[in-house]
Amino acid sequence: MGVGAGRSAGRWPGVRRFSGRRPDGGAPGSRGGEGAGAGRHPRGDERARDAKHLPDDERALGGERASARDSSTVCSRRWFRALLAVLVTAAVVVPLTAAVRPRIPAPAPADLTPVTAATLEGAYAANRANAGLAARMAAGHGDRRRAAADRALAAPSRRLLAFDGRGAGRAAEVFGDLAHAGRVAVLVPGSDTSLDTYGRFRTAAAALHRALTRQAPAGTGTAVIAWLGYTTPATVSTTAITPDRADEAAPDLREFVRGLRGITGPDSRLTLVCHSYGSVVCGRAADGLDVDDLVLLGSPGTGADSAADLRTRARVWAARGGGDWVAEVPHTDVDLFGTTVGFGTDPVSPAFGARVFSAGDGGHSDYFRPGSACLANLARIVLGETSEVTHA
């Protein structure tokens with residue numbers, strides 16, 4: 001299962017291994033105190049007698065400790081029950097919801113040789129043509145929403161480095177002059193991102209490119225790539241709390257970065273900006289990625305215990321807005337029903353060891369908001385102006 005697999009379920013708060021025997025030596029289901037000496041432990045009787053002779057304040061302190069333990073146990077059990085509720089709901093609702101919508105017909109992706117700076121414009125044109133064909137097929141199928149999304153991507157002004165209209169859809173769109181860019185950022189999205197919802201992801205990438213253009217020193221070429229290169233999980237689903245989709249996506253992200261280096265050359269500065277579940281993808285792909293900086297935004301965790309465990313030469317950054325609900329997510333992992341649930345250490349915690357920077361007071365969808373502290377810091381990281389980054 002990758003990082004986090006094989007860890008004891010005992011690490012999950014409130015979950016204990018059940019051996020089939022009671023701690024006092026009685027059989028499962030037996031109750032101490034029923035009948036003469038049934039299930040009784042002599043040391044328990046001694047502790048009960050000793051407690052009678054303790055001062056009142058010590059007995060009260062013992063009661064407070066027990067109350068604290070009970071409160072912690074109740075809280076942990078609530079988390080676990082909530083987790084199980086999500087799992088059950090997702091297991092029932094999501095498949096039924098997906099079944100309502102029929103499969104949308106689309107052509108296979110354009111057959112292209114490895115793209116270079118010299119063939120970049122030809123690749124853009126081929127992928128736009130493929131998006132146009134996908135739009136016509138979706139329209140013929142009666143799916144106006146997908147047809148509109150594909151048609152927008154097929155517009156002459158769009159720079160599509162990749163496109164696949166099948167299923168939820170995949171695309172990689174370039175903002176800026178990639179062939180001459182010395183500073184490049186690749187955005188990796190989180191859950192609920194598909195061709196149908198691509199507009200909001202595109203808006204984030206465009207906002208970052210505008211910030212880079214404003215802040216870049218004269219003569220510095222910049223580019224941003226919106227990489228929708230995997231099938232993202234639905235927010236309310238079992239896939240959103242397991243690393244399975246990330247494990248599937250990691251090889252594709254590594255391959256994309258290798259291909260990107262073939263376009264930009266080895267001297268360009270490359271930054272991976274990973275939002276929400278996208279940070280799980282980046283965490284899984286980190287080992288072997290040829291990037292200079294790895295940024296985790298609103299991350300539920302990466303599946304690694306620390307930045308060092310990502311085994312990347314890149315500088316690892318992390319940020320979370322003051323209003324981001326991800327702060328309330330239990331940052332742990334557990335083996336449950338044969339799979340890993342959760343993503344481990346909180347990336348903005350000191351224990352993780354990332355470079356934590358200021359993201360302001362925004363929520364989970366505000367990291368690329370124009371004029372925000374987070375967007376300004378992201379631009380500084382991409383441009384290599386790391387000493388100017390404001391820290392949380």
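Predicted model: local features only at pLDDT ≥ 70, side-chain atom pairs only at ≥ 80, totals over all residues.

Numbering starts from 1 along each chain as its sequence is written, and side-chain values use heavy atoms, without hydrogens or water.

**Stop 1: α3 and α4**

Select residues 120-141 (helix α3) and 144-153 (helix α4). Helices here are DSSP runs of H or I with at least four residues, strands are E runs of at least two, and both are numbered from the N terminus. The two pack at about 160°, axes 8 Å apart, which makes α3 roughly antiparallel to α4 (the word applies to angles over 145 degrees). Axes are lines fitted to C-alpha atoms, for helices over the stretch in contact, and angles run from 0 to 180 degrees between N-to-C directions. The crossing is left-handed, that is, the near helix is turned anticlockwise from the far one by less than a right angle.

Now show side chains: Arg-128, Ala-131, Ala-134, Ala-135, Ala-138 and Ala-139 of α3 meet Arg-146, Ala-147, Asp-150, Arg-151 and Leu-153 of α4. Contact means heavy atoms within 4.5 Å. That contact has seven nonpolar, no polar and four charged residues; Ala, Val, Leu, Ile, Met, Phe, Trp, Tyr, Cys and Pro count as nonpolar, Asp, Glu, Lys and Arg as charged, and the others, Gly among them, as polar.

**Stop 2: α6 and α7**

Next, pick α6 (244-264) and α7 (278-285). They pack at about 65°, with axes 8 Å apart, and cross right-handed. Among the α6 residues that meet α7 are Ala-246 and Leu-253.

**Stop 3: the second largest pocket**

Stay with α6: six residues of this pocket's lining come from it, the largest share. A pocket is an open set of points on a 1 Å grid over the protein atoms alone, with protein on both sides within 12 Å along at least five of seven lines; a cavity is a set where a 1.4 Å probe fits but cannot get out, and lining residues have an atom within 4 Å of a point. The volume is about 730 Å³, counted as space filled by probe spheres set on points joined across faces, edges and corners. Of 23 lining residues, Leu-161, Ala-162, Trp-227, Glu-255 and Phe-256 are the closest to its centre.

**Stop 4: the largest cavity**

Finally, select Ser-299, Arg-320 and Asp-346, among the residues lining the largest cavity. Its volume is about 40 Å³.

How values were computed: Parallel < 35°, antiparallel > 145°, perpendicular 65-115°, else oblique.
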